[in-house]
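Below is a short report on a two-chain model. Headings mark the topics.

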Amino acid sequence: MRDEEILTGLVLEGRCFTLEELCAACALEPDWLLRHIEEGLFPAPEGARSEWRFSAIGLARARRMHRFERDFEAVPELAALVADLLEEMDALRARLRTVGLE
Amino acid sequence: MGSPVARFNGLKSNVPPPTYNRSAVDPAAARGRAWRSGVVEYRDYYKTLGVPREATIDEIKKAYRKLARKYHPDVSKEADAETRMREVNEAYAVLSDTEKRTAYDQLGRGYQPGQEFRPPPDWDAGFEFSGPGVSGAEAADFSDFFAELFGRMGGGGRGGAFHMRGEDHHAKILLDIEDAYTGAVREIALRVPHINPQGHVALDTRTLNVRIPKGIHGGQIIRLAGQGAPGMGEAKPGDLLLEVQFRPHARYRVDGRDLHVVLPVAPWEAALGAVVPVEVPDGQLQVRIPAGAQSGRVLRVRGRGIPGEPPGNLLLEIRVVLPEATNPKAKELYETMARELAFDPRRSS
């Protein structure tokens, strides 16, 4: 299978996803994300809800938390805790790469 | 410009601008899975979970969790973890649901994995289903076999009048740091699972040529419209979201848009100051080393990191390298310095 065409994508940077776009990209119901934000398990963006914008880190967190809840039947608090730890590992690995150790 | 900031006297680029084979593409039309309603390949969900057909719900749950631990894409080191996790989820969605499991057992009796399977018309007439049990988005990621059996329960199968946009797919794209300076076209290979005639999951490789814009950097996402999962019915396919990462480089390290480079200098260049050439991803710079520079000092060249608005900075870490005293002349020079400089590096200044 081979596509010879050159595909040009849209580069997304910073807080680029609305709530609806984030949920569509993660195949999530918006209610799921709203519930987690209300419960403090998912960082709430600043401003009014209509102005909320999420970053690529938020995208990864939503996907992870949802998978942990679905695949391990994890309670949302546990899914959030594991997501916190994985985000910290990601940040530490990024620092290792920056100093040339990974 | 303050003293720690190096000045460069000129730029000589030795990297030609990228050339692209420009061609129009309709991503939605370029791919998409032809789905033949009615005939699908039989899947053995018991085999997928590694449990006997008479397994209890607790045994099924235990087997599922064990496999989820092994193949979960967030923690697994297995190469095909995501594909295996999808299969395991599909099997569990059926076997953990009494209604679906009963229907699956009754319809699938006598079939072998990979064998062509066509459910009899109106096979579901004798069952009372309480609901799909999985979301439409999750089901969209499952096999045609699952959709043929259970797709109609949620209001329509893939072959019916049901339309749903395909799911977005996510992948990482590893780029060279040079790509961020010049732009590039990079080929990426995505593994696409399919069921082979033996009923096993095999992986096809789908190759895409992706234009990498100048100024790209880690943490950004390239969204390729229409390159995700096919839509159901007449709905559009999902998108492919590529998370950008740089490959480790022998000389360069990247932090956001800033580029770090270790700059070896001779002792006399560090002590007296000098203008030295520095290779950077898009050419060569002439950088002024200030007199008295020590190892570890960082010179910042503004705006010569990864291009962008604003561009990053180039951070040059000075590393003083001593010539070896392997010949009489070198030894004599070191001895002269030792005798005449009265220098003790261990005495605090």
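## A helix pair in chain B

How close do the axes of helix α3 and helix α4 of chain B come, and at what angle do they cross? The axes of α3 (residues 57-71) and α4 (residues 81-95) of chain B come within 9 Å and cross at roughly 165°. That makes α3(B) roughly antiparallel to α4(B); the label applies to angles over 145 degrees, with under 35 roughly parallel, 65 to 115 roughly perpendicular and the rest oblique. Axes are lines fitted to C-alpha atoms, for helices over the stretch in contact, and angles run from 0 to 180 degrees between N-to-C directions. Helices (H or I, at least four residues) and strands (E, at least two) are DSSP runs, numbered from the N terminus.

From α3(B), the residues I60(B), Y64(B), L67(B), A68(B) and Y71(B) meet A81(B), R84(B), M85(B), V88(B), Y92(B) and L95(B) of α4(B). Contact requires C-beta atoms, placed from the backbone, within 7 Å. These residues divide into 10 nonpolar, no polar and 1 charged. Nonpolar covers Ala, Val, Leu, Ile, Met, Phe, Trp, Tyr, Cys and Pro; charged covers Asp, Glu, Lys and Arg; the others, Gly among them, are polar.

## Model and confidence

The model is predicted: local features need pLDDT of at least 70, side-chain atom pairs count only at pLDDT 80 or more, and totals for chains, interfaces and linings use all residues. Residues are numbered from 1 along each chain as its sequence is written, while chains are lettered from A and ligands numbered from 1 in the order in which they are written.

Chain A has a mean pLDDT (the predictor's confidence in each residue, from 0 to 100) of 88, and 96% of its residues reach 70 or more.

## Where the chains meet

Chain B puts 38 residues in contact with 24 residues of chain A. β6(B) gives the most to the chain B side, with 8 residues. That side divides into 16 nonpolar, 10 polar and 12 charged residues.

Strand β2 (residues 10-12) of chain A and β7(B) pair in the antiparallel sense over 3 bridges. Pairing takes at least two DSSP bridges. V11(A) stands opposite I222(B) in β7(B).

## An open sheet in chain B

4 strands of chain B form an open, mixed sheet in the order β9-β10-β14-β13. β9 and β13 (298-301) of chain B stand at the edges with a single partner strand each, so one side of each lacks a neighbour in the sheet. The twist averages 30° from one strand to the next.

β9(B) and β10 (residues 258-265) of chain B run antiparallel, joined by 4 bridges. Y252(B) stands opposite V261(B) in β10(B).

Technical notes
Contact = placed C-beta atoms within 7 Å.
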